[in-house]
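Morning, everyone. Please look at the sequence and the structure on the screen.

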Amino acid sequence: MTYNLHTHTKRCNHANGEDREYVEAAIEAGMEVLGFADHCPQFFPDTDYYSFFRMLPEQAHEYAESVRALQKEYQNDIRILLGFETEYYPKTYDALEAFMQTLHPDYLIMGQHFVGNEYDEGSFYAAEMGKREGYLRHYVRQVKEGLSKGTFTYLAHPDIVWYCGSAAYYKHKMTELCRFALEHDIPLEFNMLGLVNGRNYPEPAFWDIVSEVGNKVVIGCDAHDPRALLQNDVYERCKTILKGHGITPVPFEEIVLRNEKL
Ligand SMILES: [Zn+2]
Ligand SMILES: [Zn+2]
């Protein structure tokens with residue numbers, strides 16, 4: 001693993017370890033670039049709902065300062081980047097982008113864990129079994145709309161939807177998503193955590209489509225513990241699986257960070 005742009009911190013309430021431990025593990029693993037992309041705060045208007053599986057808005061500055069300080073301290077050993085993993089919620093995106101402009105992160109990755117948003121009626125958790133055609137259609141529409149904002153570096157676990165409908169429809173909609181990502185030069189992430197935990201993703205049928213369309217592919221650790229960065233064996237397994245689909249992940253240099261607006 002020469003780089004990983006998908007690293008969480010304990011601020012999201014479901015990850016372990018100190019920020020420094022992630023950096024030291026990445027150096028031990030021989031990485032050249034480590035990007036922190038902890039779960040981004042969200043801004044929910046007209047509701048007192050708040051999700052506790054991501055940092056609070058008031059923690060974000062401390063997070064940014066911590067990563068920037070490590071960036072300086074370890075500059076001779078590794079390149080550290082400040083990022084966030086975020087949902088794209090149409091109603092609240094403008095507030096999110098304005099907030100990001102106060103932090104100036106190096107990059108954002110999109111991880112669409114929910115379709116709709118996560119508090120309104122008609123919103124759904126993507127990785128729950130049994131999603132049908134209408135849901136997949138909504139997911140693809142929402143992801144495309146988010147990617148068109150021009151602020152996302154890559155799409156995390158694009159195959160997160162646990163779809164149980166017709167295979168032909170899956171191919172049709174996911175081809176649409178992959179072609180859109182290709183046109184916008186946005187890489188797709190093969191998610192190591194999903195593989196390790198035996199989740200519904202990475203989904204083999206999806207990676208066949210990626211191979212056909214010819215997208216750029218990134219392997220993302222999705223580290224929620226510093227030790228996850230040391231799983232070179234899992235990384236090699238990911239590479240072997242991708243090779244089976246005829247896919248070679250891109251080097252860091254081929255990734256466009258796309259942070260001009262932030
Ligand atoms: Zn997480
Ligand atoms: Zn993540």
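Two residues are in contact if their C-beta atoms, placed from the backbone, lie within 7 Å. In this protein, 80% of the contacts with a separation of 6 or more join residues 24 or more positions apart.

A word on the source. This is a predicted model, where local features need pLDDT of at least 70, side-chain atom pairs count only at pLDDT 80 or more, and totals for chains, interfaces and linings use all residues. Residues are numbered from 1 along each chain as its sequence is written, while chains are lettered from A and ligands numbered from 1 in the order in which they are written.

Now the overall picture. The protein has eight helices and nine strands. Those are DSSP runs numbered from the N terminus: helices are H or I with at least four residues, strands E with at least two. The C-alpha trace spans about 50 × 50 × 30 Å along its principal axes.

Next, one helix pair. Helix H4 is residues 133-147 and helix H5 is residues 167-183. Their axes come within 10 Å and cross at roughly 0°. Axes are lines fitted to C-alpha atoms, for helices over the stretch in contact, and angles run from 0 to 180 degrees between N-to-C directions. So H4 is roughly parallel to H5. Roughly parallel is the word for angles under 35 degrees; over 145 is roughly antiparallel, 65 to 115 roughly perpendicular, and the rest oblique. Contact residues include Leu136 and Val140 of H4, and Tyr169 and Phe180 of H5.

Last, H5 meets helix H7, residues 204-213. Those axes come within 9 Å and cross at roughly 45°. H5 and H7 are therefore oblique to each other. Among the contact residues are Met174 of H5 and Ile209 of H7.
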